[in-house]
Amino acid sequence: MAANSSRTHILTESAIMVALATVLSMLKIWEAPYGGSVTILSMAPIIVLSMRRGIKVGLFAGFAHSLIQLLLGLGTVAYVPTPMGIVVCILTDYILPFTLLGLGGLFRDVKFTGNSTTNLFIAAALGALLVTVLRYACHIVSGAVIWYALDLEWYADDPSHIVFQHGPWMFSAIYNGGYMIPEIIATVVGTPILTKALSKVNY
């Protein structure tokens, strides 16, 4: 009975965190012109969940979150002109980057210091840094492989645009960095605070 109750609590907490991540992803501080935005710690709930319940639960929740983000972003996917491009876009812009947020608890059992509070902050910050950089890397791949070619067409009448000044990888890193770097900084700072605040909530 206790095991069933524990599973129910974990599923409930996972559902709450996925829902919170989805809502926060809609609260956009700034939005890039062709996809991507700076949000209010939208990645933190999945990372916090992984810190609390482990990476298996985190990856499951991250995958569920990725499917929701895909549904919300279907309008963007529609711009991709080829079937293979659509597959790559779905994987690198949605499934992989948001599922990988579930690895945020990777360092939760690592002992960095003898102080439990300091250890928690370090583990949460490192986990947040790892998964947010992985998400950034996924978007760079997507931008270089898919969106660079489309942007060449969209900005064909403006040869001075950044698209024409850099190669696909640099262009993608710059474009996606415009929203991901602020997201990374905010998440690395905010996630340990949220993790500590919720560490007292146990059942």
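The structure is a predicted model, in which local features need pLDDT of at least 70, side-chain atom pairs count only at pLDDT 80 or more, and totals for chains, interfaces and linings use all residues. Residues are numbered from 1 along each chain as its sequence is written, and side-chain values rest on heavy atoms, with hydrogens and water left out.

Strands β1 (residues 28-31) and β2 (residues 37-39) form an antiparallel pair with three bridges; strands are DSSP runs of E of at least two residues, helices are runs of H or I of at least four, and both are numbered from the N terminus. Two strands are paired if DSSP finds at least two bridges between them. Within this pairing, W30 lies opposite V38 of β2. Five residues separate the strands of the hairpin, where G35 adopts a positive phi near 105 degrees.

V80 occupies the loop between α4 (74-77) and α5 (83-99). Its relative accessibility of 5% classes V80 as buried (under 20% relative accessible area, with exposed over 50% and partly exposed in between; 1.4 Å probe, protein chains only). Beyond its neighbours within four places in sequence, V80 is in contact (heavy atoms within 4.5 Å) with G85, I86, C89, I146, W147 and L150. The C-alpha atoms of V80 and I184 are 27 Å apart, with a sequence separation of 104 residues.

T195 belongs to helix α8 (residues 168-198) and is likewise buried, at a relative accessible area of 2%. With residues up to four places away in sequence not counted, T195 touches V48, M51, L120 and A124.
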